[in-house]
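Hi there,

As promised, I am passing the structure on to you. Please have a look at it first, and then read on for my notes.

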Amino acid sequence: MKTSRRARRIQRHYRRMHRPGGLNLVSLMDIFTILVFFLMVNSSDVKVMQNTAEVPLPESTATNDAVESMMVQVIGQSILVQGREVARLDSIETGDRTIGGLADELAWVRERRGEVPDQGHEVTIMAGRSTDYRLLRKIMQTCIDEEFRQVRLAVESAREVSSG
């Protein structure tokens, strides 16, 4: 038997209105994703600098927290900026006031960062206890010449030793 237009319209309306409800999970997943990233970023108040076992740092009794900044490391015969080798110690001449490869890398980083703040950019130097002071002075001078005037030296915090 043939149904009328009105009957078909009523059936369509009935089927559409009496379907089981759907659950939209997209916005819920967005909220949980943001929550996960927020918890990962704010999970720790401790500032830990990436250190390799090859650089035995001097100890310090300072109570200030570490500040994250660009890292210059002296490991073996290499000078690294953010983990990338920019100079070799055997290629540094004794009469030079600055280190060429390090100066080039710092100039490139400075150009990418744009405007230099009044107090200069921040840099942290990580060198071992046995690093020659003249080399350390050349690294610091190179940083200062390239507008990285907030120079920090990475150290290990002194551990409390309980007696008794």
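Let me start with a question: is Gln82 buried or exposed? Gln82 is exposed, its relative accessible area being 53%. Here buried stands for under 20% relative accessible area, exposed for over 50%, and partly exposed for anything in between (1.4 Å probe, protein chains only).

Before going further, please note that this is a predicted model, in which local features need pLDDT of at least 70, side-chain atom pairs count only at pLDDT 80 or more, and totals for chains, interfaces and linings use all residues. Residues are numbered from 1 along each chain as its sequence is written, and side-chain values use heavy atoms, with hydrogens and water left out.

**Overall layout**

The protein chain has four helices and seven strands; helices (H or I, at least four residues) and strands (E, at least two) are DSSP runs, numbered from the N terminus. Reading from the N terminus, the order of elements is α-α-β-β-β-β-α-β-α-β-β. Of the 164 residues in the chain, 27% are buried.

**The sheet**

Five strands make an open sheet with mixed pairing, in the order β4-β3-β2-β5-β6. Its edge strands are β4 and β6, each of which pairs on one side only. From one strand to the next, the twist averages 25 degrees. Two strands count as paired if DSSP finds at least two bridges between them.

β2 and β3 run antiparallel and are joined by four bridges; Gln73 has Leu80 of β3 as its bridge partner. β3 and β4 also run antiparallel, with four bridges joining them. There, Leu80 is partnered with Glu85 of β4, and Ile79 with Ala87 of β4. Both faces of β3 are covered: Ser78 and Leu80 on one side are buried, as are Ile79 and Val81 on the other.

Most residues other than glycine have a negative phi. Gln82 is not a glycine, yet has a positive phi of about 55 degrees. Gln82 sits in the loop between β3 (78–81) and β4 (84–88), a hairpin with two residues between the strands. The hairpin of β2 and β3 also has two residues between its strands, and there Gly76 takes a positive phi near 60 degrees.

Glu147 is another non-glycine residue with a positive phi, of about 70 degrees. Its place is the loop between α4 (133–145) and β6 (150–153). Glu147 is partly exposed, at a relative accessible area of 27%.

Helix α3 (residues 100–113) lies across β2 (70–75), β3, β4 and β5 (122–126), running at about 140 degrees to β4. α4 lies across β2, β3, β5 and β6, at about 150 degrees to β6. Axes are lines fitted to C-alpha atoms, for helices over the stretch in contact, and angles run from 0 to 180 degrees between N-to-C directions.

How do the two helices meet? The axes of α3 and α4 come within 9 Å and cross at roughly 30 degrees, so the helices are roughly parallel to each other (angles under 35 degrees count as such). Leu102, Ala103 and Leu106 of α3 make the contact with Ile139, Thr142 and Cys143 of α4, where contact means heavy atoms within 4.5 Å. By class, this contact has five nonpolar, one polar and no charged residues; Ala, Val, Leu, Ile, Met, Phe, Trp, Tyr, Cys and Pro count as nonpolar, Asp, Glu, Lys and Arg as charged, and the others, Gly among them, as polar.

Best wishes

Notes: Angles under 35 degrees count as roughly parallel, over 145 as roughly antiparallel, 65 to 115 as roughly perpendicular and the rest as oblique.
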